[in-house]
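Here are my notes from going through this model. Have a look at the structure first, then read on with it open beside you.

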Amino acid sequence: MTTTLITNIASLVTNDPAQGDGTPLGLMTDAAVVLDGETIAWVGPAAKAPSADETYDATGRAAIPGFVDSHSHLVFAGDRTQEFNARMSGRAYEAGGIRTTVAATRAATDEALEANLTHYLDEALRQGTTTFETKSGYGLNTEDESRALRIAARHTDEVTFLGAHIVSPDYAEDPAAYVDLVTGEMLDACAPHARWIDVFCEKGAFDGDQARAILMAGKAKGLHPRIHANQLSYGPGVQLAVELDAASADHCTHLTDADVDALAQGNTVATLLPGAEFSTRAEWPDARRLLDAGATVALSTDCNPGSSFTSSVPFCIALAVRDMGMTPDEAIWSATAGGAKALRRNDVGRVAVGARADLALLDAPSHVHLAYRPGVPLVNEVWRRGVRVA
């Protein structure tokens, strides 16, 4: 394999406290990294860098781990511009808008769905995202849920079955029958193509008992739980997530003290999705409260056509710092190492020997510029699996 030395890095976020300044970011200055094929072989001061087959000059830019976007909904068709326009004109966000995308997705060809998916993946990659999770949830019948997962699985290992996004319009008068479908025939068809199972535990979607039944059925099929929890109102989602050892409870906007304590004491990551609050003018999640309690926090885009149509992790970092009480250091950690923890992975989200060779080089001397210069396209180059891809 060819080895590549990336040198002359002004500041390097490693997310390894044993490196650099000893903080959670493991920040190093005047740094270098050696890539050996798809993995990182060496990290340290540029002055002590070993030789390599090729040398690449970072020209004094900052480098960070590739972003780990642990929550997205990218297998869809259609457009909800009119809904967004109406919402920005005063109409409140409700979960039922998903039905519009369901109709468009069912009508789309496999080729159209995959083309749409790859379009947004390429868009995200150019902004530094090198690992992503994505979900089904816009089919809501066995055929369309399973084909969504098959399409997604061609592009990522982090595939989530979300047949329980909302009750299918086909079962509007019989939600119990839809839960039976999701936990039976649909799950049987979808489980071979997914790693995770998710449910939207919320008023207008699924209550706590329904969510428990769905997640337990998924666990019995070998899928690990994730959960949309406490986005629009207080509810049982967070407590259920911790009880079932879900990898993440996502949104976490409306939390009681007991919810915060549960997240702080359990293994479930609180994944915050500020793009949703931005796009719905909703109350911001209180990241500061979670961090101060000792909870692990991830940041993700929630990229979807209804409530958070952004693929930009840097944008979400800026929102988290400005409106959710996070420091720039906390936000960058949550968008990289935090996302990796939400996917229960240790090979991504950090720059360390043995980790996957995923890096983003910034047109800036420090990672702080991601919040300091919001809206500016600072990701200059992206390396994924040891290859410069953007």
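**Notes on the model**

1. Let's start with Asn15. Leaving aside its neighbours within four places in sequence, Asn15 is in contact with Pro24, Leu25, Gly26, Pro65, Trp333, Thr336, Ala337, Gly349 and Arg350. Do keep in mind throughout that this is a predicted model. Asn15 sits in the loop between β1 (3-12) and β2 (28-36), and it counts as buried, with a relative accessibility of 9%.

2. Next, another loop residue. Where is Ser168 in the chain? Ser168 is in the loop between β8 (158-164) and α5 (175-183). Buried or exposed? Ser168 is buried, because its relative accessible area is 0% and the cut-off for buried is under 20%. Not counting residues up to four places away in sequence, Ser168 touches Arg106, Leu140 and Tyr178. The side chains of Ser168 and Arg106 are joined by a polar contact of 3.3 Å. With Leu140, the backbone oxygen is what counts: that oxygen lies 3.3 Å from a polar atom of the Ser168 side chain. For a sense of scale, the C-alpha atoms of Ser168 and Glu38 are separated by 42 Å, and the two residues are 130 apart along the chain.

3. Now for backbone angles. Which way does phi go at Asp245? Asp245 is not a glycine, yet it has a positive phi of about 55°. Its place is the loop between α8 (237-243) and β12 (248-251), and at 27% relative accessibility Asp245 counts as partly exposed. Cys252 also is not a glycine and has a positive phi of about 55°. You'll find Cys252 in the loop between β12 and α9 (257-265). Cys252 counts as buried, at 1% relative accessibility. I'd look at these two residues together, one on either side of β12.

4. On to α12, beginning with its ends. At the start of the helix, a side-chain oxygen of Ser312 comes to within 3.1 Å of the backbone nitrogen of Phe315. Just after the helix, Gly325 takes a positive phi of about 80°.

5. How does α12 pack on α13? The axes of α12 (residues 313-323) and α13 (residues 328-342) come within 9 Å and cross at roughly 140°. That makes α12 oblique to α13, because the cut-off for roughly antiparallel is over 145 degrees. The crossing is right-handed. From α12, Val313, Ile317 and Val321 meet Pro328, Ala331, Ile332 and Ala335 of α13. By class, that contact has 7 nonpolar, no polar and no charged residues. An α-helix has 3.6 residues a turn, so residues three or four places apart point the same way.

6. The axes of α3 (residues 110-126) and α4 (residues 142-153) come within 10 Å and cross at roughly 45°. That makes α3 oblique to α4. Their crossing is right-handed. Asp110, Leu113, Glu114 and Leu117 of α3 make the contact with Arg147, Ile151 and Ala152 of α4. These residues divide into 4 nonpolar, no polar and 3 charged.

7. Last pair: α5 and α7. Their axes come within 9 Å and cross at roughly 15°, with α7 covering residues 208-220. The two helices are therefore roughly parallel to each other. The crossing of α5 and α7 is right-handed. On the α5 side the contact is made by Pro175, Val179, Val182 and Thr183, and on the α7 side by Gln210, Ala213, Ile214 and Ala217. By class, this contact has 6 nonpolar, 2 polar and no charged residues.

Conventions. Residues are numbered from 1 along each chain as its sequence is written. This is a predicted model: local features need pLDDT of at least 70, side-chain atom pairs count only at pLDDT 80 or more; totals for chains, interfaces and linings use all residues. Side-chain values use heavy atoms; hydrogens and water are left out. Axes are lines fitted to C-alpha atoms, for helices over the stretch in contact, and angles run from 0 to 180 degrees between N-to-C directions. Helices (H or I, at least four residues) and strands (E, at least two) are DSSP runs, numbered from the N terminus. Angles under 35 degrees count as roughly parallel, over 145 as roughly antiparallel, 65 to 115 as roughly perpendicular and the rest as oblique. A crossing is left-handed if the near helix is turned anticlockwise from the far one by less than a right angle, and right-handed if clockwise. Contact means heavy atoms within 4.5 Å. Ala, Val, Leu, Ile, Met, Phe, Trp, Tyr, Cys and Pro count as nonpolar, Asp, Glu, Lys and Arg as charged, and the others, Gly among them, as polar. Buried means under 20% relative accessible area, exposed over 50%, partly exposed in between (1.4 Å probe, protein chains only). A polar contact is a pair of N or O atoms within 3.5 Å; within protein, one must be able to donate a hydrogen and the other to accept it, and residues adjacent in sequence count only if both atoms are side-chain atoms.
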